[in-house]
Amino acid sequence: MTGTVVCFGDSNTYGYDPRSLLGDRYPKSVRWTGILDSSGSWSVTCCGQNGREIPTLPAHWEPLCRLLEQTQPDVLMVMLGSNDLLCRPGFTAEDAAARMETFLGALSHPRILLVSPPAMAPGAWVTEQRLLTESARLGGCYEALSRKLGCAFADAARWDIPLVYDGVHFSEEGHRRFARRAAEALDALFPPRDFVLP
């Protein structure tokens, strides 16, 4: 049985191709969401957007709420937080987790998988020690939040995802590896039998 999942995230969910100067994306066959969609186990709706931060206002999360109501996916998978750290000087992992708590609290979906993004690496976009430190700490803060909210959690910082020169975006191999590990996490946390109606 195929499960349905909405993947809500930033440029790494969108599939941004860092070789592009115009915000283009990798082909679907390269993007982790496309690979997961073609696996036969999960039907994926990709809701990635370049530059997206964690939504903080109803106007920012209401489109997602409408999509969830219309499509009724089995799982909502959320991976955000990197842009919050990148774009806001002094922002910490705790700040990102507080934003995430507000955002997830506004959603009513029964099966949420909160994914902490891979930690950043030194690169063209990552020249500040704070970014290395706080992105590495994000997993612990999100894991604590998932326990508080009762949602599922996966830490992609433990998945050894290869990044490109900027220290933030997935390489093509990174997308392949992320797709494999995401599938493993989804299959383990949400067995297809859970979606069968009584």
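The largest pocket is lined by 14 residues, and Phe-8, Arg-52, Glu-53, Pro-55 and His-60 are the ones nearest its centre. Keep in mind that this is a predicted model: local features need pLDDT of at least 70, side-chain atom pairs count only at pLDDT 80 or more, and totals for chains, interfaces and linings use all residues. Residues are numbered from 1 along each chain as its sequence is written, and side-chain values use heavy atoms, with hydrogens and water left out.

**Pockets**

- A pocket here is an open set of points on a 1 Å grid over the protein atoms alone, with protein on both sides within 12 Å along at least five of seven lines, and lining residues have an atom within 4 Å of a point.
- The largest pocket holds about 210 Å³ of space, where a volume is the space filled by probe spheres set on grid points joined across faces, edges and corners.
- Helix H3 (residues 58-71) gives the largest share of that pocket's lining, with 4 residues; helices (H or I, at least four residues) and strands (E, at least two) are DSSP runs, numbered from the N terminus.
- Sorted by class, the lining of the largest pocket has 7 nonpolar, 3 polar and 4 charged residues; Ala, Val, Leu, Ile, Met, Phe, Trp, Tyr, Cys and Pro count as nonpolar, Asp, Glu, Lys and Arg as charged, and the others, Gly among them, as polar.
- The second largest pocket comes in at about 170 Å³, and its lining includes Cys-65, Leu-68, Glu-69 and Gln-72 as well as Ser-108 and His-109.

**The cavity**

- A cavity is a set of grid points where a 1.4 Å probe fits but cannot get out, and the structure has 1 of 30 Å³ or more.
- About 50 Å³ of space lies in the largest cavity.
- Around the largest cavity you'll find Asn-12, Ser-82, Pro-117, Pro-118, Ala-119, Met-120, Gly-167, Val-168 and Phe-170.
- No charged residues take part in the lining of the largest cavity, which has 6 nonpolar and 3 polar ones.

- H3 runs for 14 residues and reaches 20 Å from its first C-alpha to its last, close to the 20 Å expected at 1.5 Å a residue (the expected span is 1.5 Å times one less than the number of residues).
- Trp-61, Leu-64, Leu-67 and Leu-68 are the buried residues of H3. They sit on the same side of H3, because they cover an arc of only 105 degrees around the axis (the arc is that of the directions from the helix axis to the C-beta atoms).
- Buried means under 20% relative accessible area, exposed over 50%, and partly exposed in between (1.4 Å probe, protein chains only).
- Strand S1 (3-9), strand S2 (42-48), strand S3 (75-79) and helix H5 (93-105) are what the buried residues of H3 pack against.
- On the face of H3 turned away from its buried side are the exposed residues Ala-59, Glu-69 and Gln-70.
- Gln-72 lies in the loop between H3 and S3, and has a positive phi of about 50 degrees although it is not a glycine. Gln-72 counts as exposed because its relative accessibility is 56%.

**Helix H5**

- The 13 residues of H5 should span 18 Å at 1.5 Å a residue, and the end C-alpha atoms are 18 Å apart, which agrees.
- Buried in H5 are Ala-93, Ala-96, Ala-97, Arg-99, Met-100, Phe-103 and Leu-104. These buried residues fall within an arc of 160 degrees seen down the axis, so they line one face of H5.
- The cover over the buried residues of H5 includes S1, H3 and S3, along with helix H4 (82-87), strand S4 (112-116) and helix H6 (129-149).
- Glu-101 also belongs to H5, and counts as partly exposed because its relative accessibility is 28%.
- Leaving aside neighbours within four places in sequence, Glu-101 is in contact with Leu-145, Lys-148 and Leu-149 (contact means heavy atoms within 4.5 Å).

**Two loop residues**

- Asp-17 is in the loop between helix H1 (11-14) and helix H2 (32-37), and counts as buried at 10% relative accessibility.
- Asp-160 is in the loop between strand S5 (152-155) and helix H7 (172-189). Its phi is positive, near 55 degrees, and Asp-160 counts as exposed at 56% relative accessibility.
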